[in-house]
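Subject: Structure handover

Hello,

Here is the structure to look through. Please keep it open while reading the notes below it.

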Amino acid sequence: MTSSYDIADDRLVADYLNRLAAAAVSLPADRRAELFEEISVHIAEARTVRDRAADTASLAVADVLERLGQPEDIVRAAAEDGEPDAAIPTPAERAPRRRVLDTGTVVLLLVGGLLIGLGWIVGVFMLWASPRWRTSDKLVGTLVWPGGLAAVLVVPAFGAGLPPVLLPSLLLVGIGGPVVAAVRLLRHVWRAPARPPADRHTLRRA
Amino acid sequence: MLVGEAANLVAQMRRGVLPYCVLAMLTTKEQYGFEIVHALGGIDGMVTGEGTIYPLLARLRRQGLVETTWQESTTGPPRKYYRLAEAGQDALAEFTESWQRLRDSVDDLLASSGQEPS
């Protein structure tokens, strides 16, 4: 073997690419073209590596093809990518849905109590089910105040026996509490999801 | 559990983490296809057939996790370079966090049950 464009090597490559083309007929045209191009370039690239390397045996064409694997297996991998469950759901796809859900949770906590109390209970379930908040946030969301803004409705009943000067402060706490809690929860929902660079440093270290 | 089942499980896990390994390889610099495939192929137990990485790269591109550019090469055919996109960085950061948590938990569990290799 003196030249990288050895006839025997060329034949090996041609046979391999023919098998790939035959197997790939099941793929959509654009994917087939892309795959064929990538594999062809890979082999051509490997042959230039072999050219430059002193040890020509290291990237012999037969080895390159063997490491690539059976053309049929490559096509199978390309075909599987068409299945939805093979895809990585990206944060970009997931984040908006999660955000809408979590925002709905906060709205239910705030005003769900006005819907005969049921909305608030659903909100509490959703709050504790969401991975977004820490336990402390969940406790605040649940306890300030049970029922959300609907808690204000009990103030007049409550306040009947109290001095009238206390009524405004009770109303303020009754309305202000849930609003502050809701703002606190929403800040977690709408703060930019981008991770701090610390995560990537962790990765390199790992 | 049967040995064959464990081997099958490992193959599935490898398939699951491979996309993130590719993303991780691109964090520091963009790389061309052959470079990525050759490096992954050199890691013990990472890929069974190097050729199957190309469909994976194509999928990551379609998902917007990586971006590609063609660049001329002085030594061979033009090269398709892969670069980590912003969505890819987010996906990788999220995976890294989950992976570390899972790995630590499994390690702890195996260690406490005396399965840790001595």
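This is a predicted model: local features need pLDDT of at least 70, side-chain atom pairs count only at pLDDT 80 or more; totals for chains, interfaces and linings use all residues.

Residues are numbered from 1 along each chain as its sequence is written, with chains lettered from A and ligands numbered from 1 in the order in which they are written.

Confidence: pLDDT is the predictor's confidence in each residue, from 0 to 100. Chain A has an average of 77, and 75% of its residues score at least 70. Within chain A, the mean is highest in α1(A), at 93, and lowest in helix α10 (residues 198–205), at 39.

Helix pair: helices (H or I, at least four residues) and strands (E, at least two) are DSSP runs, numbered from the N terminus. The axes of α1(A) (residues 7–23) and α3(A) (residues 61–68) come within 9 Å and cross at roughly 20°. Axes are lines fitted to C-alpha atoms, for helices over the stretch in contact, and angles run from 0 to 180 degrees between N-to-C directions. The two helices are therefore roughly parallel (angles under 35 degrees).

Sheet: in chain B, 3 strands form an open antiparallel sheet, in the order β1-β3-β2. Strands pair if DSSP finds at least two bridges between them. β1 (31–32) and β2 (66–71) of chain B are at the edges with a single partner strand each, so one side of each has no neighbour in the sheet. β1(B) pairs with β3(B) (residues 79–84) over 2 bridges, and Q31(B) lies opposite Y82(B).

Regards

How values were computed: Angles under 35 degrees count as roughly parallel, over 145 as roughly antiparallel, 65 to 115 as roughly perpendicular and the rest as oblique.
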